[in-house]
Amino acid sequence: MHAVKRVSKRAIALATAASLAVLAVIVLDAAPAEAVRPPGIPSLSTAQSELNQLTVANESNGDSYDRDLFPHWSSVGGGCTARQYVLKRDGQNVQTGSDCQPDSGRWQSDFDNVWTTTVSNATVDHVVALSEAWASGASRWTTSQRQAFANDVSSPQLWIATTSVNSSKGDKDPAEWMPPNSAVRCDYVKAWTHVKYLYDLTVNAAEKSAIQSHFNTYC
């Protein structure tokens, strides 16, 4: 008869712990990392204060809007355009060519909580659309001011979004459209308010009322 080899309780415990550790690594590796949201999203108290200070006015000059009035995807340094910069900043495992254009990577569209590895499907959305800005005060700006607005990588103005949700949003304000992903709605309206405050843009009555309602509901 072969002798039965006794295994100590300590050895069993160590083996179990090791197995659990391996399992944890596998689970963590399989789970997508948390998406990176743009910088400068204010606290609720700050956003509320900013909303209270925004001028309420009807939109105007909408018929004279032209996207070319906002030179966009300009260079922001390091050989990168604003769009390329955001894709590198907020993506994961992004590999770029010598021209700074991403060749591969992973991006999350926070608005609809969709991950994509297709660069062309990772668009960069202006939270406050260029046409919305034009009708809210930007028609009085210089071209250089509109260029700065359209390529602002320091505020929460530029977000990665899939082509479908970007198209769905269009130039709608928070009274007309909100992200399908309810988990981002608080940050979305805080970002919207902050951008309007930073650039001294107006809000119409329905827009301001909707933002306040969204603060109360989602924040």
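Which residues of H8 are buried? They are Glu207, Ala210, Ile211, His214 and Phe215, where buried means under 20% relative accessible area and exposed over 50%, with a 1.4 Å probe and protein chains only.

## Ground rules

This is a predicted model, with local features needing pLDDT of at least 70 and side-chain atom pairs counted only at pLDDT 80 or more, while totals for chains, interfaces and linings use all residues. Residues are numbered from 1 along each chain as its sequence is written, and side-chain values use heavy atoms, leaving out hydrogens and water.

## Helix H8

H8 covers residues 205-218, 14 residues in total, and reaches 20 Å from first C-alpha to last, close to the 20 Å expected at 1.5 Å a residue. (Helices are DSSP runs of H or I, at least four residues; strands are runs of E, at least two.) Down the axis of H8, the buried residues fall within an arc of 145°, so they line one face of the helix. Over on the other side of H8, Ala205, Asn216 and Thr217 are exposed.

What do the buried residues of H8 pack against? Helix H2 (44-53), helix H4 (130-135) and helix H7 (185-198), with contact meaning heavy atoms within 4.5 Å.

## Strand S5

Five of the five residues of S5 (residues 158-162) are buried, so the strand is largely enclosed by the rest of the structure. Leu158, Ile160 and Thr162 point one way, Trp159 and Ala161 the other.

S5 runs antiparallel to S4 (residues 122-126), joined by five bridges; pairing takes at least two DSSP bridges. Ala122 has Thr162 of S5 as its bridge partner.

Conventions:
Expected span 1.5 Å × (residues − 1). Arc of directions from axis to C-beta.
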